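Me: I would like to go through the helix packing and the chain contacts in this model. Could we start with how a crossing is described?

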Amino acid sequence: MIYLENIYFCLVAPFLVACVCAHKEQRLSLIFVVYGMTACLLSAYINLFFAQVYQTSILVATMEIAPLIEELMKLFPILYYLLVFEPKNKAVLSAMLMVAIGFATFENICYLVEHGTDNLQYLLMRGFGTGAMHIVCGTIMGYGLMFAWKYNWLKIMGTIGVLCIAVTYHAEYNLLMSVEGIWQVVGTMMPLLTIVIALILKKVKLK
Amino acid sequence: MTIELTTNTLQMCVCLVSAIWMTILAVQSARPVHILMAGFSDTFALGTMYWTTHQLMTTQIPDAFYLAEVSFMAAPLFLLCIEFYSGKQIFDGNFYPVAIPIYVVACGLWIFFTIDGGDGIANAMYMSATAICFAKAVQNLRFGNPYGRSLHLYCICFVLVEWMLWFTECIWSGDTWANPYYWVDNSLTLTIALIIPAVKGAWDYDLP
């Protein structure tokens with residue numbers, strides 16, 4: 001049996017110690033990484049709870065319930081940060097990315113512990129697929145919140161809209177990865193393809 | 001491949017192309033109205049993509065939760081933002097007495113046809129959002145900035161096609177081309193494709 005809580009405490013401990021030693025600006029990033037890991041652990045409990053409520057399998061919960069729960073859990077601290085601290089725009093993106101990094105890292109470590117380190121192909125898919133997907137979702141939400149919170153009238157609806165985009169993107173990825181074969185390959189390439197499209201759009205904007 | 005899967009796959013392809021193109025235009029323009037239209041097309045495309053790939057891969061409806069509904073619920077919110085804040089400076093009392101009975105009748109007909117637990121609530125919310133969007137778009141079309149006409153017309157077309165889709169879904173069934181539902185679904189695909197001409201027609205328009 002895998003004790004996720006034990007893995008969590010082992011991973012979080014050095015970050016918490018680093019928070020004490022770090023400068024003020026670095027401390028915030030470390031706190032968000034720790035929260036990302038916490039969100040991953042809490043999401044696992046909540047996913048299991050809803051899987052029991054709906055009486056579905058873990059696979060169905062992964063495809064249909066987990067994306068909504070995980071993206072909501074990632075969003076909550078950023079909303080608190082926005083409402084209470086009113087940070088500058090770029091700080092929001094940085095915070096969202098740190099949460100996503102913490103989330104993806106903890107999830108990958110749990111998979112490593114559960115499945116071992118033998119299968120490099122699988123681990124590359126986990127790293128560049130699932131890990132990258134969490135970062136892409138975090139980036140989508142970060143940029144979306146940066147835009148939406150510039151305008152008072154757009155804050156609520158913009159946040160909901162951005163959350164829905166991230167949730168559906170996450171769900172699409174989980175759906176593609178749930179079936180072996182060409183669908184899984186497409187799913188693995190999806191986050192990397194999205195990043196390539198984003199870089200092209202950035203070049204278009206700079207022109 | 002069934003007719004439903006064929007029309008959904010076509011719709012998914014058109015939605016994805018429109019979404020990417022619209023996002024490029026929004027990045028070039030950087031104006032809130034274009035970014036909101038990109039948000040609308042992106043959410044609708046993602047929802048359609050999830051629904052279609054679910055059908056293609058699993059050949060069954062979702063077991064626990066229609067996750068594509070999340071995106072379909074978010075899409076009219078972007079249009080609502082545009083229409084609501086386009087008309088911020090319009091004050092015209094004559095329009096509202098006409099809009100309210102239309103909205104109430106539309107909501108009632110929809111709930112009568114499709115209420116079914118959580119689906120009913122989600123559909124009622126979606127219908128409320130689209131009804132308000134429709135009412136504001138008509139108002140903005142009549143009294144608003146003429147530069148934004150094509151956007152308001154697009155919004156009206158989208159809402160009307162969506163409502164027709166729901167009514168045909170309730171009344172007709174069958175997996176043949178004689179079912180009007182599939183013709184209306186293809187009309188929705190065409191409407192999604194028309195987002196680019198609509199935005200280009202209102203290129204100089206921005207929210208007040």
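Reply: A crossing is called left-handed if the near helix is turned anticlockwise from the far one by less than a right angle, and right-handed if clockwise. Please bear in mind that this is a predicted model.

Me: Which hand does the crossing of H3(B) and H6(B) have, then?

Reply: H3(B) passes H6(B) in a left-handed crossing. The contact involves B:Leu79, B:Glu83 and B:Ser86 on H3(B), and B:Leu151, B:His152, B:Cys155 and B:Phe158 on H6(B). By class, these residues are four nonpolar, two polar and one charged.

Me: And what are the angle and axis distance for that pair?

Reply: H3(B), residues 68–86, and H6(B), residues 149–171, pack at about 130 degrees, and their axes are 11 Å apart. The two helices are therefore oblique to each other.

Me: What about H2(B) against H6(B): at what angle do they cross?

Reply: The axes of H2(B), residues 32–58, and H6(B) cross at roughly 20 degrees and come within 13 Å. Angles under 35 degrees count as roughly parallel, so H2(B) and H6(B) are roughly parallel to each other. Their crossing is left-handed.

Me: Which residues meet there?

Reply: From H2(B), B:Val33, B:Met37, B:Phe40 and B:Phe44 meet B:Leu151, B:Tyr154, B:Phe158 and B:Glu162 from H6(B). Seven of these residues are nonpolar, none is polar and one is charged.

Me: Changing topic: how many residues are in contact between the chains?

Reply: In chain B, 31 residues are in contact with 30 residues of chain A. About 2900 Å² is buried between the two chains, with carbon and sulfur atoms giving 83% of that area.

Me: Where do A:Lys74 and A:Glu71 lie?

Reply: A:Lys74 and A:Glu71 both lie in helix H4 of chain A, residues 66–85, three residues apart, about one turn of the helix. Their side chains meet in a salt bridge, with 3.2 Å from N to O.

Note on methods: Residues are numbered from 1 along each chain as its sequence is written. Chains are lettered from A and ligands numbered from 1 in the order in which they are written. This is a predicted model: local features need pLDDT of at least 70, side-chain atom pairs count only at pLDDT 80 or more; totals for chains, interfaces and linings use all residues. Side-chain values use heavy atoms; hydrogens and water are left out. Axes are lines fitted to C-alpha atoms, for helices over the stretch in contact, and angles run from 0 to 180 degrees between N-to-C directions. Helices (H or I, at least four residues) and strands (E, at least two) are DSSP runs, numbered from the N terminus. Angles under 35 degrees count as roughly parallel, over 145 as roughly antiparallel, 65 to 115 as roughly perpendicular and the rest as oblique. Contact means heavy atoms within 4.5 Å. Ala, Val, Leu, Ile, Met, Phe, Trp, Tyr, Cys and Pro count as nonpolar, Asp, Glu, Lys and Arg as charged, and the others, Gly among them, as polar. Buried area is the accessible area (1.4 Å probe) that two parts lose on being put together, summed over both. A salt bridge is a side-chain nitrogen of Lys or Arg within 4 Å of a carboxyl oxygen of Asp or Glu.
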